[in-house]
Amino acid sequence: MKREEGAPGASPISNSDPAQFCPNWDFLLTWDDESNYVSNDNIKAFTVPNLLSWFTAVKINVYEPLGWTLKALTVFLSPDSQLNAATVRQASLILHSANAFLLALTIPQLMKAFSATSNTLHHSLSASIAATFWAVHPANVEVIGWPSAQPYSLACFFILLATLAHCNSRSSSWTVAFFYSCACMSKSAAVTFPGAIMVFDIARKDFKPAKYTPTIAVLTLVLLKTFSANIHGSDVNADLIPMNNFGHKILKSAYTVLMYASMFILPSNLRPHYAVDEGWFDNVHLGTSADLVMAVGYVLGGACIVGGIMVKILAEGQTKTLNPTPPPLIISAASIACYVILFLPTCGIIQHGMVQKGGDRYAYIPYLALIPLVAAGVNSTLHFLSSSKSKVLQILFSIAALSVVSSLSIYSSKQVCIWCNDESMYRFSLSIDPTDWRMVDTYAEYILNTEGKSSRGEYYLKKSLEVLPHRGVKSALTRAKTHVMLGDADEACTIYTDWWNGHPEHHKLALLMNNVAICQLRVNGQREFVQNMLFEAVGNANVEMHKDAIENNYKLLKSWKEGNYEGALLW
């Protein structure tokens, strides 16, 4: 057991037993569950206006109409048709179980093209063991435990149906396109699925461009909608850690892909958030980014090998003089290539608001591509055991398989409890990484909202000032916000005005304009100047919530006579 040093009122915490944090199930209100569930009236009844809103709304930079439909269906099936956090998680668990079943059906279809043996029993048994490995993998717990991550399981469901349809020669290419469109309308993370299917077809020497026409048509529409929905999430100032150029995104993406590849084999220290250090993208002190450089080296090396194998397989289809590529090499290259392709929407090449090393939910779909590797290994082992006829080896293999699945299951059962509620999530995360600036900052806000002013809240507010990044306008806004919460408005206004004076490139940023205007009114009382700045800020605001808040500040100022002005600062 260990205690957060200096944290008043904090009970002992341990990263070895998250179950101790799980007194009751609730939504995670300080993350996306508030807007996705609790305050979202559109999912609380099946009505025509609500149905239209599901298929037209863009929320938190994403368009996922089937995701909203699932949320509404979950509410409808809850006791008394009332929103229930436990029911949402039960629905996610049912979907996850269905995905594991579909995966067990899909793997034998994939193995037919690559396996040197044709033992149907071995294929089915290998598929069942590999699908169970995926089902109980601890990295998949987040999709079940966090209500807002539920759409990933729905998207995965349709991806597996699309894959099964693609493997069935009697299915139309339009059927594949239909399931693919459903996956993308569940979660846009499924958008690169056609690339994975093409790699699979190249590997099994069945690459026929004409059959992808319906899927490519859907892909084009999905890309247009996805990029328009994510217009604000991809802004360089969307988060405290700015990724200023494409090189930064490549570095971060390579690290994320490699990090989760290692977690697939050895999951450890899994948590809700993986903080990016401010020095990660520091071009001056490259030593702080050595892990990024190493990740790029590994990924580039692997890409060259996998790409070479794919090119050779394509060439084999054109000439009979080449020696055929060994099946184990084919399935390895295809699985790795598909894993990377499926990770492209979420690994960081396309920024989607928050910048972090990764999120376990992002690996949910890409891990599907690695499961055929597990199945191929199990199938080869079963073939060896069958030919050797050794009872001892068969018993040892059974013990090994049971041991792996059991250990993963135990770890996963404990991980579930991390997602019980806000308190359990924050306490466990900070027991793993006490310097995670995002968790410290949002935990301080959570304590302030639930307990009011307290010594515990003050401790975390001060701690957030120690660990928050210093570069970027979003960082300045967040640090100033922390001073406001500590009751030091003067220091907050100093940060706002210093940034305004030193960074003219941000003079059109609505949040900064709003805060500088309010500080000017507080210090100098320049009402006309402040009123004009707020009016301009309303026009510059590109987020509806921010626009409404600034517009309200403007209206308050116009009617304000004397006394305290109740305008709201934004961050």
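The model is predicted: local features need pLDDT of at least 70, side-chain atom pairs count only at pLDDT 80 or more, and totals for chains, interfaces and linings use all residues. Residues are numbered from 1 along each chain as its sequence is written, and side-chain values use heavy atoms, without hydrogens and water.

**Exercise 1. Describe the second largest pocket and its lining.**

Step 1: On a 1 Å grid over the protein atoms alone, a pocket is an open set of points with protein on both sides within 12 Å along at least five of seven lines; a cavity is a set where a 1.4 Å probe fits but cannot get out; lining residues have an atom within 4 Å of a point. Grid points are joined across faces, edges and corners, and a volume is the space filled by probe spheres set on them.

Step 2: take the volume. The second largest pocket holds about 520 Å³.

Step 3: find the centre. Of its 22 lining residues, G302, V306, I336, Y339 and V340 lie nearest the centre.

Step 4: Helices are DSSP runs (H or I, at least four residues), numbered from the N terminus. α11 (246–265), α12 (290–316), α13 (327–343) and α14 (367–388) each supply at least two lining residues. α12 has the largest share, nine residues.

Step 5: sort by class. Ala, Val, Leu, Ile, Met, Phe, Trp, Tyr, Cys and Pro count as nonpolar; Asp, Glu, Lys and Arg as charged; the others, Gly among them, as polar. The pocket lining has 19 nonpolar, three polar and no charged residues.

**Exercise 2. Which cysteines does a disulfide join, and where do they lie?**

Step 1: apply the rule. A disulfide is a pair of cysteine sulfur atoms within 2.5 Å. The count comes to one.

Step 2: name the pair. C493 is joined to C519, S to S 2.1 Å.

Step 3: The torsion about the S-S bond of C493 and C519 is about -85°, so the disulfide is left-handed.

Step 4: check burial. Buried means under 20% relative accessible area, exposed over 50%, partly exposed in between (1.4 Å probe, protein chains only). C493 and C519 are both buried. C338 is buried at 11%, and C347 at 2%.

**Exercise 3. What covers the buried residues of α8?**

Step 1: list them. V176, A177, F179, Y180, S181, C182, A183, C184 and S186 are the buried residues of α8.

Step 2: name the cover. It includes α3 (65–77), α7, α9 and α10 (213–229), where contact means heavy atoms within 4.5 Å.
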